Amino acid sequence: MAISFEILEEDIFGRTGRLKVGEKILKTPALLPVVNPHLPLITPAEMKSLGVGALITNAYIFHRSKEFREPALTRGLHDLLGFDGIIMTDSGSFQLSVYGDVEVSNSDTLLFQQSIGSDIIVPLDIPTHPDTSREQTEKELGTTMDRLREAMEILGPGAPLAAPIQGGAFPDLREQAGRTAGEMGFTFTPIGAVVPLMESYRYEDLVRVVLAAKKGLPSSACVHLFGAGHPVMFALAVAMGCDLFDSAAYALYAKEGRYLTTHGSKKLAELSELPCSCEVCRSHSADEMRQSPEKIRLLARHNLIVTLTEISRIRQAISDGVLWELVDERCRSHPRLLRGYRTLLTYTEELAARDRISKRGFLLVRACLLPLTVSHLVACRSTIPS
Ligand SMILES: [Zn+2]
């Protein structure tokens, strides 16, 4: 595989690592900002200056666009976007989830993504909505797995391919999909179709499907949580073993006049202060930002910096062995997130089996959040350093 992943340090199920794509290297956990070529609120060059090493854009937009298709094919994506880091391209599955149909086949999108020089190519998987029946979910998962096999045949086993893990809200199907993708040799595995769970704050289900996919996948697979872009949930997602995120949130929230923080988002209109130390917030007052003709761009820049900073903070927390403390703090800011966090804490055996969990934190949060039973106490005792 042209994509390899090395785990450096671990805490809970989270890890810091090194993703290698061809000759390009990315420290993980990492955020891939979403770039929409039609509306670049922040240019890829600006992103690079903020420390972004990888971004994601949608090949389907380039495939369908009169304006961008030919330049992408002749100049390549890196030249066209002005970015020499890792560029991942999505296939059109997102449009499939929104509109129910796309005018591109699996082989078309694979070859197109290869032709425009994408560093990480995504096959046209079927993003099964979590409310879909089991029968239909199984059928769609079968199609997704067939397309992953087809992708390996078309581009060859050494191609930089991602293998989206589907299976709707059924943990056993997610686990099976993860296991099969691992057996097929995939090293880069986004967990797909979880946006509806996050949009409806179904964090308990999110935890169950992510941990099920992780159970099936080899631990050496780099796991991308597709569509998770709000910094409030990164710590929990990393604690579950997710390594990469993509974010359009920084731009979408900016367009709605919303100011991101690690505890949630606020309406710029309601802020009297800008509670952040980034360059944007230090050089503008809340009033100045509101009145600026560049308001949306300024908000987007602040939102992206906050998001990137949270990822750095998480990497450091893993390094320091204090990821529990960070997860605990973040999840207490939203009752529904707290329910997801409690769900994670019920995976007692798996958590206790980790070589390096931050043991003090684990004991503390369990004691505070879950009623202790005898089996919990046994599990907790097994985490006490001897
Ligand atoms: Zn700021």
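Tutor: A salt bridge here is a side-chain nitrogen of Lys or Arg within 4 Å of a carboxyl oxygen of Asp or Glu. By that rule the structure holds 23 salt bridges. This is a predicted model, in which local features need pLDDT of at least 70 and side-chain atom pairs count only at pLDDT 80 or more, while totals for chains, interfaces and linings use all residues. Residues are numbered from 1 along each chain as its sequence is written, and side-chain values use heavy atoms, with hydrogens and water left out.

One of the bridges joins E6 and R18, whose closest N and O atoms are 2.8 Å apart. E6 lies in strand 1 (residues 3-11) and R18 in strand 2 (residues 14-21), so the pair ties together parts that are 12 residues apart in sequence. Helices (H or I, at least four residues) and strands (E, at least two) are DSSP runs, numbered from the N terminus. E6 is partly exposed, with a relative accessible area of 40%, and R18 is also partly exposed, at 34%. On this scale buried means under 20% relative accessible area, exposed over 50%, and partly exposed in between, with a 1.4 Å probe and protein chains only.

A further bridge pairs E279 with R301, again with 2.8 Å between the closest N and O atoms. Here E279 belongs to helix 13 (residues 279-283) and R301 to helix 15 (residues 295-320), so parts that are 22 residues apart in sequence are tied together. The two partners fall in separate classes: E279 counts as partly exposed at 42% relative accessibility, whereas R301 is buried, with a relative accessible area of 17%. Both residues also take part in a network of salt bridges that links E46, E279, E294, R297 and R301.

An α-helix has 3.6 residues a turn, so residues three or four places apart point the same way. R313 counts as partly exposed at 37% relative accessibility, while E310 counts as buried at 0%.
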